[in-house]
Amino acid sequence: MKRFYDDGENSIFVQSYDAFYSPKMPQTPVGDIDFYAGVAREAGGNVLELACGTGRVALPLAELGFNVTGVDLSEGLLSIAKHKAAGLPIAAQQRLRFVQQNMTDLELGELFEVVLVPFHSFQHLLTSELQIRALEAIHRHIRPGGRLVLDLVEFHIDLLSEKLVPPRSRTAIDEPSGRRFVRELLNTRYDHFAQTEHNVWRFSEIGDKGEILREERRDLVLRWTHRWELRHLLARCAFSVEAEYSDYGYSPPTYGKELLVVARAG
């Protein structure tokens, strides 16, 4: 079975990505771009976004006037990001670049004032060793006093004990093409010792008569990190926590919600 973010631009997962994370979909973050823009304005300078996907955050930040480098492992998602960027005004295009690299092994030859890891992407790092490698790589690319923003989700005990079951199926329409996609959660397993959630997803493209045109399965594994555990990881890698929020409206930390951390590089 394919890992979640592996594959080229012809996979159903890649082609349906923007449909499932459009502003109309309930799982899409609300207000995060304004939040990141606020951090970038305060810090000043260039922005590095890790796990940028199809450019949902990077493109509007470039339109707002920031110089943005987007990094992702997925060639397919980056190809869509580049295609979308070609439709931006020339000035915004000139403020954007996309690079295919792993956040644990960054080699960009540049320092940034702000580094963003949006929408739970840090949780794809499945061990503390990988988390430390990523944080050390980020520290090598951030100016002293620069800001790192991590957006995680703190798994609630009701979810981990399977008392709370997330939605198992969603349908999305790709607005430019009108293509219809279905995403189904087939199986979930928790490894409480490793702090990982293992999900098996099926992605399908649906025809005009409701028939399945294509389908593929994906294995998604995420690691949850507790609030104080994250603070220790950041301190070990020479970051100090400046602020913590439970949403993009600057609400104070709350158990079982977003774990949104702004840290300063020492």
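Let me start in a loop: Ala51 sits between strand β2 (47–50) and helix α3. Helices here are DSSP runs of H or I with at least four residues, strands are runs of E with at least two, and both are numbered from the N terminus. Ala51 has a phi near 60°, a positive value in a residue other than glycine. Its relative accessible area is 27%, so Ala51 is partly exposed. On the cut-offs: buried means under 20% relative accessible area, exposed means over 50%, and partly exposed is in between, with a 1.4 Å probe and protein chains only.

Before going on, the ground rules. This is a predicted model: local features need pLDDT of at least 70, side-chain atom pairs count only at pLDDT 80 or more, and totals for chains, interfaces and linings use all residues. Residues are numbered from 1 along each chain as its sequence is written, and side-chain values use heavy atoms, with hydrogens and water left out.

Gln195 is not a glycine, yet its phi is about 60°. Gln195 belongs to the loop between β8 (179–191) and β9 (196–206). Buried or exposed? At 16% relative accessibility, Gln195 counts as buried.

Now the whole chain. The protein chain has eight helices and twelve strands. Its radius of gyration is 18 Å, close to the 18 Å that the globule rule gives for 266 residues, so the chain is as compact as a globular protein of that length. That radius is taken over C-alpha atoms, and the rule is 2.2 Å times the number of residues to the power 0.38. Along its principal axes, the C-alpha trace spans about 55 × 50 × 30 Å. Of the 266 residues, 51% count as buried.

Next, contacts, meaning heavy atoms within 4.5 Å. Take contacts between residues at least 6 apart in sequence: 66% of them join residues at least 24 apart.

Look at helix α4 (residues 75–85). Gly76, Leu77, Leu78, Ile80, Ala81 and Ala85 are buried there. What do the buried residues of α4 pack against? The partners are α1, α3 (58–63), β3 (68–72), α5 (90–94) and β4 (96–100). Ala81 shows this in detail. Its relative accessibility is 0%, so Ala81 counts as buried. Beyond its neighbours within four places in sequence, Ala81 contacts Gly53, Thr54, Gly55, Leu59 and Phe98. His120 is 39 residues away along the chain, and the two C-alpha atoms are separated by 19 Å.

Strand β3 holds Val71. Val71 is buried, at a relative accessible area of 1%. With neighbours within four places set aside, Val71 touches several residues, among them Leu48, Leu50, Val99 and Leu108. Our opening residue, Ala51, is also one of its contacts.

Helix α1 (residues 12–20) contains Ser16. Ser16 is buried at 1% relative accessible area. Not counting residues up to four places away in sequence, Ser16 touches Phe181 and Phe203.

Phe203 leads us to the aromatics. Phe13, Tyr17, Phe20, Tyr21, Phe119 and Phe203 form one aromatic cluster. Rings of Phe, Tyr and Trp (its six-membered ring) pair if their centres lie within 6.5 Å; planes under 30 degrees apart are stacked, over 60 edge-to-face, and the rest tilted. How many aromatic pairs does the structure hold? The count is 13. One of them, Phe35 with Tyr36, is edge-to-face: 6.0 Å centre to centre, with 80° between the planes. Phe35 is buried at 1% relative accessibility, and Tyr36 is buried at 0%.

Last stop: strand β12 (residues 258–265), where we find Ala265. Ala265 is buried, with a relative accessible area of 4%. Its contacts, leaving out residues up to four places away, include His139, Ile142, Pro144 and Phe239. Glu197 is 68 residues from Ala265 in sequence and 30 Å away in space, C-alpha to C-alpha.
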